[in-house]
Amino acid sequence: MPVHTFPFSRRFPDDFPRPLLPVRVSNPASSKPPINERALIDTGADCCFLPRDLTEALGHDFAKGVTPESVGTGSGTSQAYGHTSTIEICDSSGTVLWTIRSAPVYVIDGLDQVLLGVEDFLASFILTVDYSNQQFSLES
Amino acid sequence: MSTPQVLVTQRKYMGKIVALRSFSDNTVVASGKDYSEVLDRARAKGVESPVMVRVPAKKTVCCY
């Protein structure tokens, strides 16, 4: 089984180092080109989540998505809308390693980070997070 | 031990949305407050697939 190891990343110099993965997000129902971001590995998230500004730039209408019963977050319950999206996980050169195909991904207003959660991503991998060495690995 | 990479090294971009040249080149090609405007400006400069980063306004303790 292939194992891919990634260093932690900081968004700015004195940021906390985090397990961020290069991702390419697209809207299969739109001709708009995909958008690159870095996504946080979030073992506490039940599924994947996208920020509103990213999905609107891909042509999704935020409030016209599928609504779940409720979405619990660290700051309480939030309204989320599901939009069909494809998330490609890349290496540092942009080569696609894995693809989450056309899954309905929940979008939360105010979220500032793509989150890769359990149900549609982490459940398929062995994740090893090595904080002492500031790196993490994924084995499919 | 791996050394964490720093995506945005200059503090003048804190609180802004930043477009970087690529996953392997963290050169800032556009920045601003509006996500789509920053994305469009990066593409107008010939960077078709920039990497978008939201830089917090200050050091933030996050709880997702």
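Nine nonpolar, two polar and two charged residues make up the lining of the second largest pocket, where Ala, Val, Leu, Ile, Met, Phe, Trp, Tyr, Cys and Pro count as nonpolar, Asp, Glu, Lys and Arg as charged, and the others, Gly among them, as polar. The model is predicted: local features need pLDDT of at least 70, side-chain atom pairs count only at pLDDT 80 or more, and totals for chains, interfaces and linings use all residues. Residues are numbered from 1 along each chain as its sequence is written, chains are lettered from A and ligands numbered from 1 in the order in which they are written, and side-chain values use heavy atoms, with hydrogens and water left out.

**Stop 1: the second largest pocket**

Select A:Arg18, A:Pro19, A:Leu40, A:Ile41 and A:Tyr131, which lie nearest the centre of this pocket among its 13 lining residues. Strand 4 and strand 11 (126-130) of chain A each give two or more residues to the lining. The pocket holds about 230 Å³ of space. On a 1 Å grid over the protein atoms alone, a pocket is an open set of points with protein on both sides within 12 Å along at least five of seven lines, a cavity is a set where a 1.4 Å probe fits but cannot get out, and lining residues have an atom within 4 Å of a point. Strands (E, at least two residues) and helices (H or I, at least four) are DSSP runs, numbered from the N terminus.

**Stop 2: the largest cavity**

Next, select strand 4 of chain B, which gives three residues, the most of any element, to the lining of the largest cavity. The cavity contains about 70 Å³ of space, and its lining includes A:Glu37, A:Arg38, B:Met52, B:Val53 and B:Arg54. Four nonpolar, one polar and five charged residues form that lining.

**Stop 3: helix 1 of chain B**

Move to residues 35-44 of chain B, where B:Tyr35, B:Val38, B:Leu39, B:Ala42 and B:Arg43 are buried (under 20% relative accessible area, 1.4 Å probe, protein chains only). Viewed down the helix axis, these residues fall within an arc of 135 degrees, so they line one face. At the start of the helix, a side-chain oxygen of B:Asp34 reaches to within 3.2 Å of the backbone nitrogen of B:Ser36. Just after the helix, B:Gly46 takes a positive phi of about 95 degrees.

**Stop 4: A:Ser85**

Finally, select A:Ser85 in strand 8 (residues 80-90) of chain A. A:Ser85 counts as buried because its relative accessibility is 1%. Its side chain reaches the backbone oxygen of A:His83 at 3.1 Å.

Technical notes
Buried < 20%, exposed > 50% of the residue type's maximum accessible area, 1.4 Å probe, protein only. Polar contact = N/O pair within 3.5 Å; in protein donor to acceptor, adjacent residues only side chain to side chain. Points joined across faces, edges and corners; volume = space filled by probe spheres on them. Arc of directions from axis to C-beta.
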